[in-house]
Amino acid sequence: MTEYPTSHSGRQAAASAVPAAGQPPRAREDAPGASPDPRRAIQQAAAHGQDPAGRAGPARRSADHDAAHRARPQGGAAHGPAEPDGTIGRPRPAGDDTLAAPTSRPRQDPDGTGHSCGPAGAADHRNRAGASASPAEPPPGVPHPAPPGGESDRNAATGAGRAGHPQGTGAEELAGHAHSAEIGHQRAPSEPVPDPTLPPDQADGLPVAGGTRDGDRLRFVGAATRRIARGIDLDEIVLGLCRATVPTFADVILVYLRDPLPVGDERPTGPVVLKLRRTDRIPEDQDTDGNRLPVLTVPADYPQAAELAEVRPGGALAEVLRGVRPVFGDSAAARAALPELLGPAHSVPGGRRAVLAPLRGRRRVIGAAVFLRRPDRPAFDPDDLLVAAQLATHTALGVDKAVLYGREAYIADALQRTMLPDSLPQPTGVKLASRYLPAAETARVGGDWYDAIPLPGSRVALVVGDVMGHSMTSAAIMGQLRTTAQTLAGLDLPPEEVLHHLDEQAQRLGSDRMATCLYAVYDPVAHRIMVANAGHPPPVLLHLGGRAEVLRVPPGAPIGVGGVDFEAVELDAPAGATLLLYTDGLVESRLRDVWTGIEQLREKLTATARLTGPDHPPPLEPLCDEVLDMLGPGDRDDDIALLAARFDGIAPSDVAYWFLEPHEQTPGKARRLARRALARWDLEELTDSVELLVSEVVTNAVRYAGRPITLRLLRTDVLRCEVGDDVPQLPRLRQARPSDEGGRGLYLVNKLARRWGATRLSTGKVVWFELARPAAGRQP
C-alpha cells in the first residue's frame with residue numbers, strides 16, 4: 001500500500017535528500033556512525049528567525065510564504081498529492097510508486113494530546129510548505145516540528161506508528177482503525193519503543209495502565225480479542241476475557257451473565273437476573289523469582305461480589321445496562337448501579353479505579369463486566385473506556401455464538417441419542433452390551449446405529465449400520481432406516497429379505513442415500529446364527545477358548561445401490577462365544593486401512609480373553625472398553641457403533657416341542673404334554689396355570705388353523721409357552737359381554753401370565769406367554 005507524507009517534516013526530509021544543482025552531494029548527518037549535534041540545530045533555528053522549538057518567526061514566515069508561492073510549478077501534473085488541509089506535497093519522481101513515511105516522531109504538544117494548537121498552527125504549517133530546502137532543517141536526532149491538528153496529524157502519527165512496529169494482524173488493524181480517532185495520545189520522545197520481535201502471544205502482558213503508549217494499547221486490544229475469539233463454548237470465552245485483562249488491564253474482574261441466557265430470538269420472561277459467572281484477581285504476594293503466586297488472596301478493600309443480582313426495571317443498573325457504554329465507577333450512574341450489582345454491603349475502590357461495562361449481544365444485553373484496579377496503580381483514563389468497550393463487545397458476541405452453538409450441539413446430540421436405543425433388551429439365551437462414540441465433541445451427529453430386536457421363538461435380531469456422512473441429514477436417514485429395519489424384523493423376514501427392503505427404502509429416500517448394514521438372527525435353541533451383509537465390515541467371533549475368528553460373510557453391495565441381491569449364510573454359534581458387530585470407525589482411519597484394523601481388533605480380543613482364562617469368557621462391559629482402548633490419540637476419524645452379544649443359548653433339556661393336528665381332541669392332548677414337561681422340570685406348582693392357559697391358546701388356534709400347529713415350552717429364568725399356527729390374523733384382547741359364549745380366553749391369559757404377546761410370521765403367527773418360575777425351581 002502506498003503511503004503519502006502528510007506532515008511538513010516528511011516533505012522536508014525528502015527534499016533535503018536531493019542536492020542543489022551545481023553542488024556536490026552533501027553528506028547526510030544521519031548516516032550510520034554520524035553523531036547529531038543539537039547545538040547546530042539551535043543556531044540554525046535562531047539564524048532563520050525560528051525559536052528552538054521549530055516555530056518560525058513572523059518575518060521569516062512571511063518571506064517563506066512568498067518564496068513558496070513563487071516556487072510552485074504551474075499545472076497539476078507536477079504537483080504532489082493534495083493534503084487534507086489543502087496543501088500540496090512535493091512532486092513525486094517518475095517511476096516512484098511509494099514515498100517514505102516520516103522518519104521522526106511528531107512532537108508532543110504541551111497539553112499531551114497531540115492535537116492542533118489553533119489557527120496559528122495551521123498557518124505555520126502552510127508557510128513552511130515551501131521551505132524544504134532551507135538550511136534551517138533540523139539535523140537528525142532532533143525532533144521535527146509537529147504538524148498541526150486535523151486529519152493530517154492523525155495520518156502522520158499513524159505512519160510513524162507503522163514505522164516503529166511490525167505489521168500487525170487483522171485483529172490489531174481492525175482495532176487500530178476503529179479507534180485511531182479516539183485514542184490520541186502520542187508517544188513521548190523519552191518513552192521506549194516496543195520490541196518488534198515480541199511474539200504476538202506475549203502481547204497479553206503489555207502494560208496499558210493510565211498514560212500508556214498507543215501502540216501498546218492497540219497491541220493489547222488485538223491480543224485480548226484474539227484470546228477471547230479462540231473460545232468455542234461459554235466457559236472458554238469468559239476465561240479468555242479474564243486471563244486477557246488480569247493483570248494487564250485490571251487487577252480484578254467480575255463477569256456477570258444473565259441466568260438463564262436467552263438463545264437466538266427467544267424473549268425471556270420474568271425478571272432479569274445476573275449471575276456471577278467468573279471472577280479473577282491477581283495474587284498479593286510474589287515468589288522468590290518475582291513472579292505472581294498462583295494462590296489468589298483477596299484484599300480487604302476489594303468487594304466480595306454477590307452471586308445473583310436482580311435487575312429492577314427502571315433502576316440504576318438497568319439504566320447503565322441500557323446505555324451500553326462503559327462508565328467509570330465514580331460516575332453518578334455507576335455509584336448507584338454497582339451496589340445493585342455487587343450487593344449493598346460492598347464498596348469499590350475510590351476514584352476512577354472501577355469500570356462498569358455492559359455486555360450487549362446481537363439483540364439484547366446479556367450481562368456486565370466490572371474492572372477494578374488497586375489504589376497503588378494508576379487510575380483508568382478515558383481511553384481505557386474505549387478498551388473496555390472493545391473487550392465487552394467481543395465477549396458479548398462470543399457469548400452469543402457460544403450459546404447458539406451449545407443449543408445446536410444439544411439438539412444434534414439429542415437427535416442422535418433418540419435414534420439409538422435407550423437400553424438393550426435382555427432376550428433369553430443372549431447377553432448384550434453396546435457403545436457409541438461420536439466422531440468428535442464438535443460433531444456429535446453421525447449415521448452409525450445399532451439395534452437388538454427380540455423375535456418369536458426366543459430369537460434375537462442383531463443389527464449394526466452406518467449411513468454415509470456426519471450431518472443432521474445422515475442422522476435423519478439413519479433413523480428412518482432403523483425404523484424400517486425394526487418393522488421388517490417384526491415380520492420375521494429372512495436376513496437377506498430385510499436388506500433387500502432396506503435397499504428399496506434407501507432408494508426412495510434419495511439417489512445418494514448410501515449406507516452399509518449387517519443383519520444377523522441368533523437362535524438360542526438351535527445355537528445357530530444367520531448373517532447377511534450389505535457392504536459392512538465382517539463380524540468377529542471370540543470363542544470360549546480365546547480364539548478370535550473373522551466370520552466369512554459375503555460382503556454384498558451397500559444399501560442404496562439398487563438392483564443387487566444379498567446372500568445370507570448360517571453359522572454355528574456355540575455357547576460361551578461372543579459376537580462383535582462394529583462400524584468402520586473402529587478399524588479404519590487415516591493411519592491404517594480396514595483390514596489392518598480388523599487384524600488389530602482380532603489380536604486385541606485374543607489378548608483380552610487370555611486374562612480370564614480358557615474356561616471363562618471375558619465380561620461384556622469391560623470387553624467393550626478394552627476394544628475402544630485400541631484407538632490411540634488422533635486415531636479416530638469417524639463415529640463408532642459397537643454391539644457385543646454373548647451367546648449363552650438354551651440347553652436341549654430345557655426345551656419341549658410338539659406338532660399337533662388341528663382336531664377337537666388337540667387341546668386335551670396339549671394339556672397332558674405340558675403337564676408331563678412340568679413334572680420333568682420339577683415345576684408342578686405351575687401345572688394348573690399352564691394347563692388353563694395352554695388350553696385357551698390351543699383351542700383358539702385349532703378353531704382357525706388349517707395345518708398342524710406347534711407347541712413349545714422353554715425353561716429359562718421364566719417358563720415360556722409358544723403356540724404357532726398358519727393364520728396371519730393376530731388375536732386382540734377385548735371385553736366379552738355377559739351374553740357372549742366366547743372371547744374370554746385372552747382375558748384369562750392377560751390376568752394370569754407375567755407377559756404375553758402375538759407376533760406375525762411369514763407363515764402365520766405365534767402367540768406366547770410367560771410365567772414366573774417358583775424360587776425353589778429356578779436354576780442356580
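Modeller: Buried means under 20% relative accessible area. This is a predicted model.

Colleague: Is Phe-249 buried or exposed, and at what relative accessibility?

Modeller: The cut-off for buried is under 20%. Phe-249 falls under it, so the residue counts as buried, at 0% relative accessibility.

Colleague: What is the geometry of the pair Phe-249 and Phe-371?

Modeller: A search of the whole structure finds five aromatic pairs. In the pair of Phe-249 and Phe-371, the ring centres are 5.5 Å apart and the planes stand at 85°. Planes over 60 degrees apart count as edge-to-face. The pair is therefore edge-to-face.

Colleague: How many residues apart in sequence are the parts that this pair ties together?

Modeller: Phe-249 lies in the loop between helix 8 and strand 1. Phe-371 lies in strand 6, and is buried with a relative accessible area of 0%. The pair therefore ties together parts separated in sequence by 122 residues.

Colleague: Which residues form one aromatic cluster with Phe-249, and which charged end sits over its ring?

Modeller: The cluster consists of Phe-220, Phe-249, Phe-371 and Phe-380. Over the ring of Phe-249, 5.4 Å from its centre, sits the charged end of Arg-373.

Colleague: What is the strand order of the open sheet of six strands, and which strands stand at the edges?

Modeller: The pairing is antiparallel and the order is 3-2-1-6-5-4. Each edge strand has a single partner, so one side is left without a neighbour in the sheet. These edge strands are strand 3 (308–311) and strand 4 (327–328).

Colleague: Which residue is the bridge partner of Phe-328?

Modeller: Strand 4 runs antiparallel to strand 5 (residues 354–360), and two bridges join them. For Phe-328, the partner in strand 5 is Val-355.

Colleague: Which strands does helix 8 touch, and at what angle to strand 2?

Modeller: Helix 8 (residues 234–245) packs on the sheet. It touches strand 1, strand 2 and strand 6. Its direction makes an angle with that of strand 2 of about 50°.

Colleague: What is the angle between helix 10 and strand 3?

Modeller: Helix 10 (residues 332–342) lies across strand 1, strand 2, strand 3, strand 4, strand 5 and strand 6. Relative to strand 3, helix 10 runs at about 130°.

Colleague: Is the pair Tyr-522 and Phe-647 stacked or edge-to-face?

Modeller: Tyr-522 is buried at 0% relative accessible area, and Phe-647 is buried at 1%. Their ring centres are 4.1 Å apart, with 15° between the planes. Planes under 30 degrees apart count as stacked. The pair is stacked.

Key
Residues are numbered from 1 along each chain as its sequence is written. This is a predicted model: local features need pLDDT of at least 70, side-chain atom pairs count only at pLDDT 80 or more; totals for chains, interfaces and linings use all residues. Side-chain values use heavy atoms; hydrogens and water are left out. Two strands pair if DSSP finds at least two bridges between them. Helices (H or I, at least four residues) and strands (E, at least two) are DSSP runs, numbered from the N terminus. Contact means heavy atoms within 4.5 Å. Axes are lines fitted to C-alpha atoms, for helices over the stretch in contact, and angles run from 0 to 180 degrees between N-to-C directions. Rings of Phe, Tyr and Trp (its six-membered ring) pair if their centres lie within 6.5 Å; planes under 30 degrees apart count as stacked, over 60 as edge-to-face and the rest as tilted. Buried means under 20% relative accessible area, exposed over 50%, partly exposed in between (1.4 Å probe, protein chains only). A charge sits over a ring if NZ of Lys or CZ of Arg is within 6 Å of the ring centre and within 35 degrees of the ring normal.
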